[in-house]
Amino acid sequence: MSTMELKILILPGDGIGPEVTREAVKVLERVASKFNHALSLKEGLLGGIAIKKTGSPFPPETEKLALAADATLMGAVGLPEYDNAPPEKRPEKGLLAIRKALKVYANLRPIKTYKALIDSSPLKNHLVEGTDMIIVRELTGGLYYGTPRGISGQGSEEKGVNTMVYTRAEIERVARYAFGLALKRRRKLTSVDKSNVLETSQLWRRVVTEIAKDYPEVALDHMLVDNCAMQLILNPKRFDVLLTENMFGDILSDEGAVLTGSIGMLPSASIGDKKGGSEVWVGLYEPVHGSAPDIAGQNKANPLGAIISAGAMLAYTFNLQEEANAIYKAVEGVLESGRVTADLHPKNKPATTAEVGQAVCDSI
Ligand code: IPM
Ligand code: MG
């Protein structure tokens with residue numbers, strides 16, 4: 001079996017980030033030893049912890065490490081003490097900056113029901129059972145980055161401005177990624193926009209429709225974002241690949257996350273282009289849950305979102321599908337065994353973060 005060198009940067013970040021990434025790293029080590037790959041791990045600072053230690057949420061040293069790595073595994077960023085800080089001085093700025101620096105424009109958020117968790121879903125079983133979709137969220141454009149932006153003026157004339165802007169090239173590359181993904185799945189793509197009101201959405205819809213001509217095997221439909229928010233609850237099974245812009249994707253992916261029972265389970269993979277001349281795709285991986293500072297450091301947080309994110313890294317960045325499947329299968333086994341953290345409502349005493357990580361390692 002060929003040995004691959006996996007160059008990975010770990011950014012534990014804030015809150016529960018360090019404890020969940022620790023378990024994900026254990027799992028990566030287990031997979032590497034079982035499948036004979038060489039892990040080359042580095043660690044860096046991002047978010048609140050980086051502000052504390054260096055004054056910046058995304059220090060230049062972290063940027064250097066991230067650009068040198070094949071993939072980055074992040075824990076979470078955000079701490080309540082920065083809630084009133086200006087955008088430039090917030091931990092979240094670190095996350096936005098690293099996405100931009102790595103040019104990871106396609107954010108994948110798979111939403112899949114697990115049998116063992118079906119009763120934790122807020123929806124009736126028959127509605128949610130069999131849900132299996134992936135949200136492809138454009139990640140490096142739109143309102144999050146558009147200029148002009150800022151707050152100016154005084155008194156009743158004080159004004160806040162953000163700009164939603166998309167170029168054709170930005171829409172095309174993420175649309176191609178989504179169509180490519182749909183080809184490997186059930187070949188259905190729903191593009192979500194607000195084209196009854198927004199010009200960016202009108203361009204979005206036009207460009208996606210043009211790109212669809214190159215993918216005749218994929219059935220494309222368009223949906224307005226407000227209707228989509230409703231359809232996700234009424235009929236989540238109808239979705240296969242859901243493609244949308246940055247802000248809509250942020251909102252819909254939280255809605256999607258909760259459908260399957262626990263946001264603690266959900267991975268997120270942000271993919272860019274191939275790394276200079278190689279077959280490795282630049283990627284940033286993180287659990288969807290936040291930093292949950294209220295339970296940080298208590299060994300209670302669910303590490304499965306981080307562990308599944310590590311699996312996604314093996315699949316999407318390194319093309320190691322068998323290795324990724326070994327992680328996914330182990331996670332399912334652990335869910336069925338009922339040895340899970342409190343957020344998944346186990347029948348018996350909840351397991352700790354470290355116990356869940358160990359259980360996954362033991363079943364690989
Ligand atoms: C997410 C998060 C981030 C986002 C925040 C933390 C900046 O909500 O990854 O969905 O809005 O993109
Ligand atoms: Mg979000």
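Modeller: A polar contact is a pair of N or O atoms within 3.5 Å; within protein, one must be able to donate a hydrogen and the other to accept it, and residues adjacent in sequence count only if both atoms are side-chain atoms. This is a predicted model: local features need pLDDT of at least 70, side-chain atom pairs count only at pLDDT 80 or more, and totals for chains, interfaces and linings use all residues. Residues are numbered from 1 along each chain as its sequence is written, chains are lettered from A and ligands numbered from 1 in the order written, and side-chain values use heavy atoms, without hydrogens and water.

Biologist: What makes R137 a polar contact of ligand 1?

Modeller: A polar side-chain atom of R137 lies 2.8 Å from an oxygen atom of ligand 1. The limit is 3.5 Å, so the pair counts. R109 has such a pair at 2.8 Å. For Y144 the value is 2.5 Å. The protein buries 75% of the 320 Å² that ligand 1 exposes when taken alone (Shrake-Rupley method, 1.4 Å probe).

Biologist: Which residues are around ligand 1?

Modeller: E92, L95, R99, R109, R137, Y144 and D250. Each has a heavy atom within 4 Å of ligand 1.

Biologist: Why is ligand 1 said to lie between domains?

Modeller: Domain 1 (1-105 + 262-364) and domain 2 (122-260) both give residues to its shell, so ligand 1 lies between them. The bounds come from an automatic or database domain assignment.

Biologist: What makes the peptide bond from T147 to P148 cis?

Modeller: Its omega is near 0°. Most peptide bonds are trans.

Biologist: What is the phi of N36?

Modeller: Near 70°, a positive value, and N36 is not glycine. Most residues other than glycine have a negative phi.
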